[in-house]
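Please have the viewer open as you read.

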Amino acid sequence: MKASKEDEFLATIDRHKKIIYKVVNSYCRNKEDRNDLEQEIIIQLWNSFDKYNPEYKYSTWMYRIALNVAISFYRIEKKWSAKNDFYNEELIFSVSDDNEYDPELDLNIKRLHGFIHDLNELNKALMLLYLEDKSYDEMAEILGITKTNVATKISRLKLRLKQEFQKNTN
């Protein structure tokens, strides 16, 4: 008996849910925004499920959709934050699945969070994929840029990160 489309979709989401968590935690400042973005990503994945091309890995397909949705969400949220007086300076990158900020994080991890927080949308996506140990080919495929462009941008990001850490330790 063949599984229904809904069952297949839910199983796919369950197998790759860490992708959604990582993207959501990388792009959102607070729990409500993370929940909203998570739902929007799942909706867009569902809307695109029939268009999935089996030539690609599910993880590549999911990253591409999740990052596109997150970048759009981030731009809207950034505009909204700029128009309001209050601004919650909470870490936006979490390594735990429970989406809660851990105040005991190592100082270097906090610095990395700050560095990632200050990046533009594309560089933030590159850092997320780089920290996931994705190959340059996979990053290029997910982000729709060339492998050479990925390599150049990653090299520049590493240099900036190294300079940032050196500056903060002196």
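Predicted model: local features only at pLDDT ≥ 70, side-chain atom pairs only at ≥ 80, totals over all residues.

1. Residues are numbered from 1 along each chain as its sequence is written, and side-chain values use heavy atoms, with hydrogens and water left out.

2. Let me start with the aromatic rings. Rings of Phe, Tyr and Trp (its six-membered ring) pair if their centres lie within 6.5 Å; planes under 30 degrees apart count as stacked, over 60 as edge-to-face and the rest as tilted. By this rule there are six aromatic pairs. In one of them, the ring centres of F9 and F49 are 5.2 Å apart and the planes stand at 80 degrees, so this pair is edge-to-face. The pair joins distant parts of the chain, 40 residues apart: F9 belongs to helix α1 (residues 5-15), and F49 to the loop between α3 (31-48) and α4 (58-82). Helices here are DSSP runs (H or I, at least four residues), numbered from the N terminus.

3. F9 and F49 are both buried, that is, under 20% relative accessible area, where exposed means over 50% and partly exposed lies in between (1.4 Å probe, protein chains only). Y52 and W61 also make an edge-to-face pair, because their ring centres are 5.5 Å apart and their planes meet at 70 degrees. Y52 is buried at 15% relative accessible area, and W61 is buried at 11%. Ring pairs connect F9, W46, F49, Y52, Y58 and W61 into a cluster.

4. Next, the charges. A charge sits over a ring if NZ of Lys or CZ of Arg is within 6 Å of the ring centre and within 35 degrees of the ring normal. K5 lies over the face of W46, 4.5 Å from the ring centre. Likewise, the charged end of K124 is placed over the ring of Y27, at 5.4 Å from its centre.

5. Which residues of α1 are buried? They are F9, T12 and I13. Seen down the axis, these buried residues fall within an arc of 100 degrees (taken from the directions from the helix axis to the C-beta atoms), so they line one face of α1. The exposed residues L10 and R15 are carried on the face of α1 turned away from the buried side.

6. Finally, do look at S26 in helix α2 (residues 17-27). S26 counts as buried, at 1% relative accessibility. A polar atom of the S26 side chain lies 2.8 Å from the backbone oxygen of K22.

Note on methods
Helix = DSSP H or I, 4+ residues; strand = E, 2+ residues; numbered from the N terminus. Polar contact = N/O pair within 3.5 Å; in protein donor to acceptor, adjacent residues only side chain to side chain.
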